[in-house]
Each structure stands twice: as structure tokens, then as C-alpha cells.
Amino acid sequence: MRYGDVQRCLRVCRAGLLAALLAAPAGAGEPSVRPRPNILYIMADDHAAHAIGAYGSRVNKTPHIDRLAAEGIRFDRCYAVNSICTPSRASILTGKYSHKNGVPVFNRFDGSQPTVAKYLQAAGYFTGMFGKWHLGSDPTGFDRWMILPGQGVYHNPVFYSAEGRVDFQGYVTDIVTDLTIAFLDERPKDRPFFVMCHHKAPHRHWQPDAKHAETYGGGGIPEPATLRDDYAGRASAAREATMTVARHLNRRDLKLEPPAELKGADRERWLSAVPMEVTVEANGVRTTLTGDALLKWKYQRYMRDYLGCVASIDDNVGRLLAYLDRNGLAENTIVIYASDQGFFLGDHGWYDKRFMYEESIKMPFLVRWPGTAPPGSVQGAIALNIDIAPTFLEAAGLPIPPDIQGRSLAPLCRGERPADWRASWYYRYYHDPGHHNTRAHYGVGTETHKLLCFWKTDEWELYDLAKDPAELRNVFGDPAYADTVAALKAELRRLKAEVGDDDRYAHEQPPDGADAMPELLKKKAPAPPGAVR
Ligand code: CA
């Protein structure tokens, strides 16, 4: 036995003893016999709730993800506190806002800080992390991990683990699932498991596999009502953002083929440019599209690929659920399907996320928790990504450390809403100008209203969500809302102080480092058994 293995055994033994003590009911003479639940956390990247059947999608079908809603609970107001990939991941792991976990933008996560994975591992859980990590540093708190470097790629991806790089043939969504299943197969059967299955899909550049390349290629995907939003009445940020379907999707996004004679940098330039006309051929007739006809075509092309990526995720959620069924694990495993944030699917004319508008901040959040979550139920209370870590700790029977800012969703999963549950929440986005020229902002949300402050220019927006769920009418300057503005401004100040946001990252942000390539990529690791495709 190697030294590392000895250390691991000792750690497991200590953790097992601690877990047994924690599992013992107060005053009981012997430990509880009820096994602690396993936790399977499946998370996609940029999967908007409105591209899930159970959330009322008009654009696609997701039968396997829907099964989790039918057999569990659907959260209708689960939000990311900073709606972008790397910060949301840091908030999920730590249960803290960006200014507390040190990840406001795309900087490196300090892996020495406490995380839910470390707490669960110390309590005897066998822990795993597979797929997109995108936190710049190596995962900590996991017994097994294998992650994509940076964003990773869709086809024939490279992964790396603590041992080095592994080259895969195949499609990334299938491989992330294979790795998760291999982890489950090889786990010690006498310990509960916690595994994070993190898909890269459906992140830009939206590359579906061959099976689903044309699943949504028929051209009939319904357009959102706000595709042609003119941003009238809003702060200048909406007009300045460079993420419109019409004017910012480039030829690479739209899967246009470069002329064969273009090579190297010329080819890259061509792919990175935005086409202002596109010639299509149907039934032998060539048509050049411009203006609104081109917008319609771009929307269909964007959504064909985005939804094709989602279809593979749905297939693979089905594979994981079937695995749990086959192996008698369904009853004692909490299964969650989530995304790190939402996404604009042409809503307000956009792709991407970042803004504190509903399509961007809303995470799909479905929880199948047998014996706890009533099947087919819906929860409308405000949940946040910082609530995920404390939820897992409570599920494992562990105390929730006082520095965790989120709150366990366990009562909400039971269909309850505690009397003192939050009625408002604090949001803050930092990455300005970032990739899409998005202005920094913070804001406060309630179930009925949302107040946004673009603080650099002191521009404000207020939306009456009950009357204007699409957030098209900024009523900040409407005298009828003067009292609401005053109350929400006060609430924003209160929340900002409560969460301890001292503006530390407002003017100086840490350097980007989430895409840093690890040294380990130079070293070839043996492929894990059962996972090679
Ligand atoms: Ca994301």
C-alpha cells in the first residue's frame, strides 16, 4: 500500500467515525440505521429553464429531465447571485457570494477554502467531480475527479485528473456521463456518495453530436416575443451589450463554412466576423437573406444547435436515472438537475446571460428526493445557488458552518416555506466590459419586483414582474412607483450590508485565470477503466 493510500484510509476511518457520531440521534444509545442519502448533482452549462419541458418549454422536449420534475419538485425561482459560469460554480461549492469566495469574474478559485465537497468528504462521503470545472485551480475535496481544461471542447475532448491528461474519442456529454457512471461502479459500496456531473453543454459554440445535429433543424422553432426588443426606456447597458442574435453571432456560431482557399489567420478572421447577409439554397433556388429574414434564419440556426446540445444532455440524464434504477440506488439518492445560470434564447434579442433579467439569472432546479420532495410538486419561494451547499450538508446530517451565506433548501424541498424564508435577494455582476460589453450592476429582487442599479452611470431600472413578466417596461421613473423605488432602494442597501459586500471588487477585479492550462496536461495518465470511448 502506498503512503497516499494509507493516509486516505486513515482519513476515511476518522471521517467514518465522525459520520457515525453525527448520524446518531440525540440521546440514542446506538447510531441511526437509516443510511445517509447519496447525492447525484447533474449540472449543465447555460441551460435555460425555458428549454426544459417541465418548465413549459415552447421550443423543445426533454423527457428524461422532466422525469425528475414528475418524481420530485420543481423550483420556479432559483437564481444565480452572479449570472456567469465561473462565479456561479464558486458560489455553488462554497455557499457564498462572489465577494466572499473570491471569484467575481473568471479568476482562479482558491481551492484551500472550505467547500461542500470537503465537508462531505470529511464526513465519510465518497466524492467525485466530472466534466466542466472552469475554476482555474485543481478540484479539492474530491476522491476522484476528471475535468475539462478551461471550457473544454465538444468533440474528442481532453480531460485531466490528478494523474495527468486523458484523450477521449467521442462526444463530451456522453463522456462526462461515462465518467460519472464509472465512478458509481467503482465506489466503495459501504459509503454514501456525492458526485457532481458537470456538462459542458450547451455552452457556446453549441456543437451538437451527429445524432442530434438535425433534431431541431426543421426551421419551425417558435421565436420569443421579445426577439425584436428595442430596449426603449431601459438604461444604456442593454443597448451597449454585444450579444444580439441579429448583430453579434459570428460565422463560427452560425456554422457557416469558410471558403476552401482561406487558411490560417484569414480563415479565423472570416469565422470570427459577423455576417450581415447569408445566401441559402433550397430546392435549387439561392436566396440572399438580409434584415429581418436574416434575423429569423440566425435564430433558427442558433436554436437548432443549442437545442441539439440539450437533447444529448437529456439522453444522458436518462442514462444516469436508468443506472440508479438498475442498481437499486434510486430510493436513497437525491438527484438534482440544474444549470450554472440561465440563458437568453433570443429573449430581448440576445444570446448569453450576465444581466439580472429573468431568463439569465433563473437556474433550472429540479430535485428528486424520495421521501422528502412530494412528486410533481412546485416551489415558488426564492432559492439561490448559494443555498445548494447547505442543502447538501443538511441532507448528510451535517451542521451548516456559520460563514455559509446560503440557507438549506431542505424545507423548501418538502414543499414547505418557513415563515422567515427570504422575501428578497441580492444580485451582483462584475465582468465589465467582459466578453459582451456588459455593464457591471447590482440589484434586488422580490417575487413581484426587481430593481437594478448600473452604478457606474447611476442608471436604474425597475420592473413590475406581476404586470410585466417579460421585463419590457422600466417603471423606475413612473411616479406611481415612487414608494416601491424608495422601499427597494432601502432593501438593496440592507441586503448589500447583510451579505457583507464592501465593494472590494467594484473597481479592481482579479485577473482572468479560469482558463489557465494545468501542467498536468503535459503528462499522459492511464485512461480509467470503463471510461474509454
Ligand atoms: Ca454557464
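Helices and strands here are DSSP runs, at least four residues of H or I for a helix and at least two of E for a strand, and each kind is numbered from the N terminus. Keep that in mind for every element I name. One more thing before we start: this is a predicted model.

Lys255 sits in the loop between helix 7 and helix 8, the latter covering 264-272. Its phi is near 60°, and that is a positive value in a residue other than glycine. Most residues other than glycine have a negative phi, and most peptide bonds are trans. Is Lys255 buried, exposed or partly exposed? Partly exposed, at 26% relative accessibility.

Tyr231 also has a positive phi, near 60°, and it is not a glycine either. Look for Tyr231 in the loop between strand 8 and helix 7. Tyr231 has a relative accessible area of 7%, so it counts as buried. Tyr231 also belongs to a cluster of rings.

Now the peptide bonds. Arg204 and His205 are joined by a cis bond, with omega about 15°. His205 is in the loop between strand 8 (193-198) and helix 7 (236-240). A cis bond also joins Asp432 to Pro433, with omega about 5°. Pro433 lies in the loop that runs between strand 15 and strand 16 (441-446).

Which strands make it up, and in what order? The order is 15-16-17-18, four strands in an open sheet with antiparallel pairing. Strand 15 (424-429) and strand 18 (459-464) are at the edges, and each has a single partner strand, so one side of each has no neighbour in the sheet. From one strand to the next, the twist averages 15°. Strands of a sheet pair through backbone hydrogen bonds, either parallel or antiparallel. One example: Leu452 has Glu461 of strand 18 as its bridge partner.

Next, the metal. What coordinates the calcium ion? The donors are Asp45 (OD), Asp46 (OD), Cys85 (SG), Asp340 (OD), Asp340 (OD) and Gln341 (OE1). Their distances run from 2.1 to 2.7 Å. The site has 6 donor atoms, the angles among them span 52 to 164°, and the geometry is irregular. Along the chain, the donor spacing reads D-D-x38-C-x254-D-Q. Take Asp46 and Gln341 as a pair that links distant parts of the chain, 295 residues apart. Asp46 is in the loop between strand 1 (38-44) and helix 2 (63-71). Gln341 is in the loop between strand 11 (333-339) and helix 10 (358-361). Both Asp46 and Gln341 are buried.

Stay with strand 11. How many of its residues are buried? The count is 7 of 7. In a regular strand the side chains alternate between the two faces of the sheet. In strand 11, both faces are covered. Thr333, Val335, Tyr337 and Ser339 are buried on one side, and Ile334, Ile336 and Ala338 are buried on the other. Strand 11 pairs with strand 1 in the parallel sense, over 7 bridges. There, Ile42 stands opposite Tyr337. Strand 11 also joins strand 12, residues 365-368, through 4 bridges, and that pairing is antiparallel. Ala338 has Phe365 of strand 12 as its bridge partner.

Back to the rings. A pair of aromatic rings is described by the distance of the centres and the angle of the planes. The model has 28 aromatic pairs. One of them is Phe126 with Phe183, a stacked pair. The centres are 4.9 Å apart, with 10° between the planes. Phe126 is in strand 4 (residues 126-132) and Phe183 is in helix 6 (residues 172-186). The two are 57 residues apart, and the pair links distant parts of the chain. Both Phe126 and Phe183 are buried.

Last, charges over rings. Lys200 lies over the face of Tyr154, 4.9 Å from the ring centre. Lys489 lies over the face of Trp460, with 4.4 Å to the ring centre.

Technical notes
Residues are numbered from 1 along each chain as its sequence is written. This is a predicted model: local features need pLDDT of at least 70, side-chain atom pairs count only at pLDDT 80 or more; totals for chains, interfaces and linings use all residues. Side-chain values use heavy atoms; hydrogens and water are left out. Two strands pair if DSSP finds at least two bridges between them. Axes are lines fitted to C-alpha atoms, for helices over the stretch in contact, and angles run from 0 to 180 degrees between N-to-C directions. Rings of Phe, Tyr and Trp (its six-membered ring) pair if their centres lie within 6.5 Å; planes under 30 degrees apart count as stacked, over 60 as edge-to-face and the rest as tilted. Buried means under 20% relative accessible area, exposed over 50%, partly exposed in between (1.4 Å probe, protein chains only). A charge sits over a ring if NZ of Lys or CZ of Arg is within 6 Å of the ring centre and within 35 degrees of the ring normal. Donors are N, O and S atoms within 2.8 Å of the metal (3.2 Å for Na, K and Ca); water is not among the atoms, so sites may look incomplete. Four donors count as tetrahedral if all angles lie between 85 and 135 degrees; four count as square planar and six as octahedral if opposite donors are over 155 degrees apart and all others between 65 and 115; anything else is irregular.
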